[in-house]
Amino acid sequence: MRTLQNGQPADKLSVVYSVHVVEGGEQGFLDAYERIRKSVASVPGHLIDRLGEPIDDSRQWVITSEWETPEHFFAWQQGEDHRALLEPLRVWVDQTQSLRYRVIQETVGATP
């Protein structure tokens with residue numbers, strides 16, 4: 001099932017990374033994320049990033065990003081610079097999980 005956006009097929013991709021930050025590594029993680037975020041913002045097809053902080057003491061953070069199409073994300077992910085760009089983040093994270101979803105419906109605000 002595909003939903004139309006502005007008369008066009010909706011092919012956006014949502015990527016969710018769940019990361020467990022090492023004890024005492026929160027500031028290092030935030031600093032590394034900030035540098036990465038600025039670089040990824042200029043990648044063709046990248047739409048938005050969000051960083052979610054845990055509300056408990058679990059140290060389980062969530063990074064979400066949205067891409068115009070899956071092809072944009074995979075082109076970036078498989079590019080030469082991807083691994084080197086993320087390397088500084090790996091120092092502060094001891095567990096990761098990645099989920100990828102094609103966005104088929106989206107609700108933005110209430111219609112008056």
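Predicted model: local features only at pLDDT ≥ 70, side-chain atom pairs only at ≥ 80, totals over all residues.
**Notebook: Q60 and onwards**

I looked up Q60 first: its relative accessibility is 30%, so it counts as partly exposed.

**Entry: more on Q60**

Where does Q60 sit? I found Q60 in strand 5, which covers residues 60–67. Next I listed what Q60 touches, leaving aside neighbours within four places in sequence, and got S18, V19, H20 and P54. With S18 there is also a polar contact, side chain to side chain, at 2.6 Å. I checked V22 as well: it is 38 residues away from Q60 along the chain, and the two C-alpha atoms are separated by 9.4 Å.

**Entry: R59**

Then I went to R59, in the loop between strand 4 and strand 5. R59 has a relative accessibility of 21%, so it counts as partly exposed. The cut-off for buried is under 20%, which means that 21% falls in the partly exposed band.

**Entry: the whole chain**

Time to zoom out. I counted three helices and six strands in the protein chain. Read from the N terminus, the order is β-β-β-α-β-β-α-α-β. How much of the chain is buried? I got 33% of the 112 residues. I also looked at contacts with a separation of 6 or more: residues 24 or more positions apart account for 70% of them.

**Entry: H46**

H46 is in strand 4, residues 46–52. Is H46 buried or exposed? Its relative accessibility is 13%, so I put it down as buried. Setting aside neighbours within four places in sequence, I found H46 in contact with V40, A41, S65, E66 and W67.

**Entry: helix 1 and helix 3**

How do helix 1 and helix 3 pack? I recorded an angle of about 160 degrees and axes 8 Å apart for helix 1 (residues 26–40) and helix 3 (residues 80–90). With that angle, helix 1 is roughly antiparallel to helix 3, because the cut-off for that label is over 145 degrees. The crossing of the two is left-handed. On the helix 1 side, the contact is made by F29, A32, Y33, R35, I36, S39 and V40. L85, L86, P88 and L89 make it from helix 3. Sorted by class, I have nine nonpolar residues, one polar and one charged in this contact.

**Entry: I36**

What does I36 touch, not counting residues up to four places away in sequence? I found L85, L86 and L89. I36 and L85 are 49 residues apart along the chain, yet their C-alpha atoms are separated by 6.5 Å. I36 has a relative accessibility of 8%, so it counts as buried.

Conventions:
Residues numbered from 1 in each chain as written. Heavy atoms only, no water. Helix = DSSP H or I, 4+ residues; strand = E, 2+ residues; numbered from the N terminus. Buried < 20%, exposed > 50% of the residue type's maximum accessible area, 1.4 Å probe, protein only. Contact = heavy atoms within 4.5 Å. Axes fitted to C-alpha atoms, helices over the stretch in contact; angles between N-to-C directions. Parallel < 35°, antiparallel > 145°, perpendicular 65-115°, else oblique. Left-handed = near helix turned anticlockwise from the far one by under 90°. Nonpolar A, V, L, I, M, F, W, Y, C, P; charged D, E, K, R; others polar. Polar contact = N/O pair within 3.5 Å; in protein donor to acceptor, adjacent residues only side chain to side chain.
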